[in-house]
Amino acid sequence: HKRLKQTTHTPFTKGLNAAPGAAAGKIVFDSPNALALNKKGQSIILVRPETNPDDIQGIAAADGVLTQRGGLTSHAAIVTRGMGKPCVTGTEGINIDPDKRQLTAGKLVLKEGDEITIDGTTGEVYVGILPLEEVSITPELEELMSWANGFKRLGVRANADTPEMINQAITFGAEGIGLCRTEHMFFEG
């Protein structure tokens with residue numbers, strides 16, 4: 001996961017913090033465009049009024065997802081959490097018009113290809129690409145976990161479906177993989 005570095009920028013809108021982490025990229029309003037830009041190596045944010053199962057390839061191709069409607073248990077929230085992608089849902093301060101290929105927030109108008117940064121940890125959304133940093137385990141957390149390991153009676157296994165997710169789980173202390181859904185292995189080439 002990545003997180004937003006300390007910033008003095010002001011978000012242009014705020015929604016629900018549906019899936020943690022931060023992502024920055026170009027606005028894309030549909031899955032075919034998300035796949036095309038992803039193949040070109042571009043960072044993208046899939047922006048939809050709400051997502052549905054037809055959007056799964058676009059979500060997989062995107063670095064993060066922003067929706068106008070939906071809650072913490074909406075399709076976008078559940079799918080992105082499972083994929084480890086940042087997501088902001090229920091962003092009622094915006095209006096997304098996929099036909100016009102634009103997002104409006106008050107007087108602000110953003111078009112497809114404009115860049116935004118979403119923070120799925122806080123629910124905040126910013127204009128432009130803001131600096132992100134990799135999340136890492138602090139020495140203090142490592143020390144606390146070593147104390148807890150001396151007393152624990154349960155093991156922690158991760159829900160991981162791809163090599164990247166498995167590496168992240170191990171990095172954060174998982175003892176193994178408890179659930180691996182094979183269908184998720186086919187989202188990528």
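**Notes on the predicted model**

1. At a relative accessibility of 35%, Cys-180 counts as partly exposed. The model is a predicted one. Cys-87, in contrast, is buried, because its relative accessibility is 0%. How many disulfides does a search of the whole structure find? The search finds zero.

2. Next, the salt bridges. Their count comes to six. One of them joins the side chains of Glu-133 and Arg-3, with N and O 2.9 Å apart. This pair links distant parts of the chain: Glu-133 belongs to strand 13 (residues 132-134) and Arg-3 to strand 1 (residues 2-4), and 130 residues separate them. Are these two residues buried, partly exposed or exposed? Glu-133 counts as partly exposed because its relative accessibility is 28%. Arg-3 is also partly exposed, at 40%.

3. Asp-55 and Arg-48 make another salt bridge, in which the closest N and O atoms are 3.5 Å apart. Both Asp-55 and Arg-48 are buried. A reader can check this against the cut-off, since buried means under 20% relative accessible area.

4. Glu-50 and Arg-69 also meet through their side chains in a salt bridge, at 3.4 Å from N to O. Glu-50 sits in the loop between strand 5 (44-48) and helix 2, while Arg-69 sits in the loop between strand 6 and helix 3, so the pair ties together parts that are 19 residues apart in sequence. With a relative accessible area of 41%, Glu-50 is partly exposed. Arg-69 is partly exposed as well, with a relative accessible area of 41%. Elsewhere, salt bridges that share partners join Asp-30, Arg-101 and Glu-112 into one network.

5. What does the side chain of Asp-30 meet at 2.5 Å? A polar contact of that length joins the side chains of Asp-30 and Arg-101. A polar atom of the Asp-30 side chain also lies 2.9 Å from the backbone nitrogen of Asn-33. Setting aside neighbours within four places in sequence, Asp-30 is in contact with Leu-46, Arg-101 and Glu-112.

6. Ser-74 is placed in the loop between strand 6 and helix 3. Ser-74 counts as buried because its relative accessible area is 14%. A polar atom of the Ser-74 side chain lies 2.9 Å from the backbone oxygen of Gly-71.

7. Which residues of helix 3 (residues 75-83) are buried? They are Ala-76, Ala-77, Val-79, Thr-80 and Met-83. As background, an α-helix has 3.6 residues a turn, so residues three or four places apart point the same way. The buried residues of helix 3 pack against strand 3 (16-19), helix 2 (56-61), strand 6 (64-67) and strand 7 (87-89). Just after helix 3 comes Gly-84, with a positive phi of about 75°.

8. The last point concerns the surface. Which residues make the nonpolar surface patch of about 400 Å²? Leu-141, Leu-144, Met-145 and Trp-147 make it. Leu-144 lies in helix 4 (residues 139-149). Its relative accessibility is 45%, so Leu-144 counts as partly exposed.

Definitions and conventions
Residues are numbered from 1 along each chain as its sequence is written. This is a predicted model: local features need pLDDT of at least 70, side-chain atom pairs count only at pLDDT 80 or more; totals for chains, interfaces and linings use all residues. Side-chain values use heavy atoms; hydrogens and water are left out. A polar contact is a pair of N or O atoms within 3.5 Å; within protein, one must be able to donate a hydrogen and the other to accept it, and residues adjacent in sequence count only if both atoms are side-chain atoms. Contact means heavy atoms within 4.5 Å. Patches are made of residues with over 30% relative accessible area and no salt bridge: like charges are joined within 9 Å, nonpolar side chains (Val, Leu, Ile, Met, Phe, Trp, Tyr) within 5 Å. Accessible areas come from the Shrake-Rupley method with a 1.4 Å probe; for residues, only the protein chains shown count as cover. A salt bridge is a side-chain nitrogen of Lys or Arg within 4 Å of a carboxyl oxygen of Asp or Glu. Helices (H or I, at least four residues) and strands (E, at least two) are DSSP runs, numbered from the N terminus. Buried means under 20% relative accessible area, exposed over 50%, partly exposed in between (1.4 Å probe, protein chains only). A disulfide is a pair of cysteine sulfur atoms within 2.5 Å.
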